[in-house]
Amino acid sequence: TKSAMSPPASTRRLGPAWTTHRVWTIGDKRHEVRTIGGFWTLLAGVATPQQAERLVAHLQDTNRFCRRHRVPTVPADQAGYHPDGDYWRGAVWAPTNYMVTRGLMHAGRDDLAHDIASRYIAGIEAAYRRVSPHTIWECYSPEKPLPGLAAYRHDRVKPDFVGWSGLGPIAMLIENVIGIHGLPFGVATNF
């Protein structure tokens, strides 16, 4: 019989989220590139409490994911990280930040979800005030109050990008900053 303390089978298949400070493990494969993708384990509910705490520690580490404008796609100590937010080499994106904050809420870390959402929205506002056109951008720099850089072109990303970028000033503001939540996580309803 399975012990009540045993991690779910899905967690055992995934392996630890961050096995060391440098390696990401998926199944039996070790990857030297750490990315924001590792935090999906929080939202999926497959990280053990110990794995969740290691992930939280990475989010709070100022040498990694705890940057001025949170949360970059790769940690600042990762080779290839670009402080101007060169697209997927360190930029801050609404959908990945939303995934992180929802995962933290699922893991019972509403305090950190609130902090990340508040800092993310403050970064959006700072870029809005500083850069013309004054609008919502596709992604942002993790270090400066500026929009991120487009891949390969190294000019600014798309302005007026309220598709997924609207998650910050709408969903994250309502859910994480103001604190209004709908149904409990995982509960469905029929209308």
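Student: Anything to know before we start?
Tutor: Residues are numbered from 1 along each chain as its sequence is written, and side-chain values use heavy atoms, without hydrogens or water. As this is a predicted model, local features need pLDDT of at least 70 and side-chain atom pairs count only at 80 or more, while totals for chains, interfaces and linings use all residues.

Student: Okay, how many residues does the largest nonpolar core have?
Tutor: It has 20. Such a core is a set of buried Ala, Val, Leu, Ile, Met, Phe, Trp, Tyr and Cys residues joined through side-chain atoms within 4.5 Å, where buried means under 20% relative accessible area (1.4 Å probe, protein chains only). Among those with the most contacts inside it are Trp 137 and Cys 139.

Student: Which helix gives the most to this core?
Tutor: H5 does, with five residues. Helices here are DSSP runs of H or I, at least four residues, numbered from the N terminus.

Student: And what is Cys 139 in contact with, beyond its neighbours within four places in sequence?
Tutor: Its partners include Tyr 87, Trp 93 and Val 157; contact means heavy atoms within 4.5 Å.

Student: New topic: at what angle do the axes of H4 and H6 cross?
Tutor: Roughly 15°, and the axes come within 11 Å. Axes are lines fitted to C-alpha atoms over the stretch in contact, with angles from 0 to 180 degrees between N-to-C directions. That makes H4 roughly parallel to H6, a label for angles under 35 degrees.

Student: Which residues in H4 meet H6?
Tutor: Ala 94, Asn 97, Tyr 98, Thr 101, Arg 102 and Met 105.

Technical notes
Buried means under 20% relative accessible area, exposed over 50%, partly exposed in between (1.4 Å probe, protein chains only). Helices (H or I, at least four residues) and strands (E, at least two) are DSSP runs, numbered from the N terminus. Angles under 35 degrees count as roughly parallel, over 145 as roughly antiparallel, 65 to 115 as roughly perpendicular and the rest as oblique.
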